[in-house]
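Open the structure in your viewer and keep the selection tool at hand. The tour goes from stop to stop, saying what to select and what is there.

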Amino acid sequence: MPGTFYITTPIYYVNARPHLGHAYTTIIADVASRFNEMRKKDVFFLTGTDEHGDKVVRAAKKENLSSRSYVDKISALFQNLWPKLNIKYNYFVRTTDPSHIAVVEQILQRIYDSGDIYFSEYEGLYCFGCERFYAQRELVDGKCPDHETAPEVIKEANYFFKMSKYQDWLIDHIKKNPDFIRPQRYKNEVLSFLKEPLEDLCISRPKTRLKWGITLPFDKDYVTYVWFDALLNYVSALGYPDNDRFKKFWPVAQHIVAKDILKPHGIYWPIMLKAAGIDTYKHLNVHGYWNVDQSKMSKSLGNVVEPLQLKEIYGLDQFRFFLLRDMVFGLDSSFSEETFVQRINSDLANDLGNLFSRILSMAHKYFNGVVPETDLEVEEELKPGLEPDALTAVEKFEKEMETFAFHKALEAVWVFIGSMNKYIDVTAPWVLAKNKSAKKQLQTIIYNLLEGLRIISGLIYSVMPDTALLMQKHLGMDVSEPFYTFDRLYTWKRLEPGTKLLKSITLFPRIDLKKIKADIKREAEAGDRVFEIKPEITFEELAKIDFRVGTVVHAEGIPKAKKLLKLEVDIGEKRTIVAGISESYSPDDLTGKQVLIAANLKPAKIMGVLSNGMLLAAVDDKVCSIATFDKKMKPGTSVR
């Protein structure tokens with residue numbers, strides 16, 4: 001079982017903020033990483049951002065920023081989001097990193113020197129959204145299948161990579177390694193595409209059209225095509241070619257991608273590796289789309305789901321569980337808050353939450369909150385008991401997780417939860433508790449149930465780490481170790497009799513979706529309310545308002561609030577202030593800015609957030625402009 005495990009997400013393109021799709025892919029990688037840590041493997045988990053190309057330049061211009069400033073801003077959004085979703089990566093790569101650029105230049109030069117890159121003039125159909133040329137047969141009704149726009153005809157001289165030279169090799173490699181691309185439907189899709197002659201890949205862009213990219217080492221008038229740059233992150237992040245990390249982890253490389261980037265990862269990337277003399281990756285794991293309103297989630301369609309909003313409203317572990325339980329890896333899945341809430345109330349609150357509370361309550365009621373002793377004779381009488389079902393759950397979970405069948409792995413856990421509920425119903429501890437002569441039986445039954453909870457806590461750790469550790473803490477276990485290893489899960493009776501148990505808690509409160517939506521609507525309306533100017537006041541009345549200089553330390557959106565931002569402001573002490581300015585200011589615009597604060601306003605709860613002060617701003621029908629200062633002032637300075 002021990003060994004090495006290398007897992008990568010795609011590096012996310014910085015032309016848009018992170019959304020549900022990004023969160024799903026990265027949480028999958030985190031779950032796979034934690035799972036393999038539980039198997040005592042040496043794990044390396046890579047994620048990052050893709051920061052070159054036409055789309056970045058266009059997005060930067062739209063925000064009136066330089067390309068460099070823009071990519072720094074958006075890359076930071078991704079880096080800051082992942083810890084908030086309990087994602088523990090080992091390395092965050094950026095394609096603007098000097099170390100990555102050096103690897104791209106080195107590999108480009110090597111392939112060029114081998115004769116696999118040549119210069120030629122080309123005219124073709126170019127999609128600026130995808131940043132690549134399309135063959136006519138790839139279009140749907142004359143449009144790009146992803147962006148549903150007609151590509152433009154572009155004619156220019158560029159450098160080309162001889163992909164066609166390696167077509168037969170790639171077909172042979174895929175057929176000889178049937179799980180190279182998985183699930184199988186995507187392997188078949190790549191092979192189907194390879195039935196047509198493979199065109200050579202345009203791997204440059206002239207600087208007359210695009211300057212924001214890595215300059216070709218053999219021609220300073222061109223930059224590298226964004227895919228030829230981005231894909232190399234998987235080796236550059238490991239310190240290719242000489243770093244021990246590359247030698248250790250690359251042989252077991254596993255990529256996770258969404259199906260829209262299957263072609264670059266399933267065709268371009270292995271051929272690039274072959275041409276560069278690098279062994280190819282072990283597995284390409286391809287998942288489907290999260291659809292919202294029957295459409296692929298897309299910024300342009302306005303159906304993007306913000307992961308932090310869901311986390312704040314419904315809970316982080318609930319969010320992670322739903323993503324892995326509701327999507328069959330490889331297929332598309334539909335997102336709605338109704339199905340999300342139904343899954344929380346059914347699987348988490350009713351099944352796992354009630355089971356946990358029920359067992360701990362019985363342990364406190366019958367044995368004063370202490371893990372009881374077991375009796376061997378009673379155990380023989382109770383066989384088969386829970387131990388075989390627990391072992392079956394562990395074996396099934398491990399098998400399904402290894403092939404990214406996350407929903408099946410979780411199904412195995414919930415089958416075991418069902419077995420435990422049945423065990424309670426059959427053994428009826430409440431009946432045995434009334435019979436003093438049945439004490440040994442009751443002890444053994446409660447012990448087995450507590451031990452079953454221990455197994456469940458270990459199995460759900462990779463998906464719901466906070467819940468797992470909370471369960472283990474209440475079971476009196478040592479939670480200083482960051483995860484529960486599989487060798488312990490395969491061993492029954494690890495709970496120590498006499499261990500003190502914490503009192504039962506509600507792991508997952510039931511959710512009333514109608515109430516949540518009504519509260520959100522009511523608070524949003526209150527937060528968006530426009531107040532009329534008050535009548536004249538005296539100087540003495542004005543002097544009652546304590547105006548202060550505040551420095552914005554942190555800013556973030558409030559779920560479901562169209563105009564509200566939650567600000568952490570330093571006015572000599574830290575205050576949380578809710579301000580209706582999000583239509584004019586992003587959180588990044590405000591961080592570090594000095595603002596005018598009414599510090600002694602009575603605190604008020606807005607959208608569930610206690611606002612302790614008021615930020616002053618000028619507002620008309622078209623724009624909002626916050627009141628600020630033309631010189632740097634000490635936070636907390638009084639304004640007179």
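A cavity here is a set of grid points where a 1.4 Å probe fits but cannot get out, and its lining residues are those with an atom within 4 Å of a point. The model on screen is predicted.

**Stop 1: the cavity**

The count comes to one cavity of 30 Å³ or more. The largest cavity has a volume of about 30 Å³. To find the place, select Gly53, Asp54, Tyr126, Glu131, Arg205, Leu210, Thr224, Tyr225 and Val226, which line this cavity. Coloured by class, the lining shows four nonpolar, two polar and three charged residues.

**Stop 2: helices 5 and 6**

Next, select residues 167–176, which form helix 5, and residues 184–193, which form helix 6. Their axes lie 10 Å apart, and the packing angle is about 155 degrees. Angles over 145 degrees count as roughly antiparallel, and helix 5 and helix 6 are therefore roughly antiparallel to each other. Their crossing is left-handed. Show side chains for Ile171, Ile174 and Lys175 in helix 5; they meet Lys187, Val190 and Leu191 in helix 6. This contact has four nonpolar residues and two charged ones, with no polar residue.

**Stop 3**

Move on to Pro241, in the loop between helix 8 (233–236) and helix 9 (244–249). Which form does the peptide bond from Tyr240 to Pro241 take, cis or trans? The bond is cis, and its omega is near 5 degrees.

**Stop 4: Lys383 and Pro384**

Select Pro384 in the loop that runs between helix 14 (376–382) and helix 15 (387–402). A cis peptide bond joins Lys383 to Pro384, with omega about 10 degrees.

**Stop 5: Ala428**

Go to the loop between helix 16 (406–427) and helix 17 (429–432), where Ala428 is found. Ala428 is not a glycine, yet its phi is positive, at about 45 degrees.

**Stop 6: helices 18 and 19**

Finally, select residues 439–459 for helix 18 and residues 465–474 for helix 19. How do the two axes meet? They come within 8 Å and cross at roughly 155 degrees. That angle makes helix 18 roughly antiparallel to helix 19. The crossing of these two helices is left-handed. On the helix 18 side, the contact is made by Leu453, Ile456, Ser457 and Gly458; on the helix 19 side, by Ala468, Met471 and Gln472. By class, the contact of helix 18 with helix 19 has four nonpolar residues, three polar and no charged.

Notes:
Residues numbered from 1 in each chain as written. Predicted model: local features only at pLDDT ≥ 70, side-chain atom pairs only at ≥ 80, totals over all residues. Heavy atoms only, no water. Axes fitted to C-alpha atoms, helices over the stretch in contact; angles between N-to-C directions. Helix = DSSP H or I, 4+ residues; strand = E, 2+ residues; numbered from the N terminus. Parallel < 35°, antiparallel > 145°, perpendicular 65-115°, else oblique. Left-handed = near helix turned anticlockwise from the far one by under 90°. Contact = heavy atoms within 4.5 Å. Nonpolar A, V, L, I, M, F, W, Y, C, P; charged D, E, K, R; others polar. 1 Å grid on protein atoms, 1.4 Å probe; cavity = no way out; pocket = protein on both sides within 12 Å on 5 of 7 lines; lining within 4 Å. Points joined across faces, edges and corners; volume = space filled by probe spheres on them.
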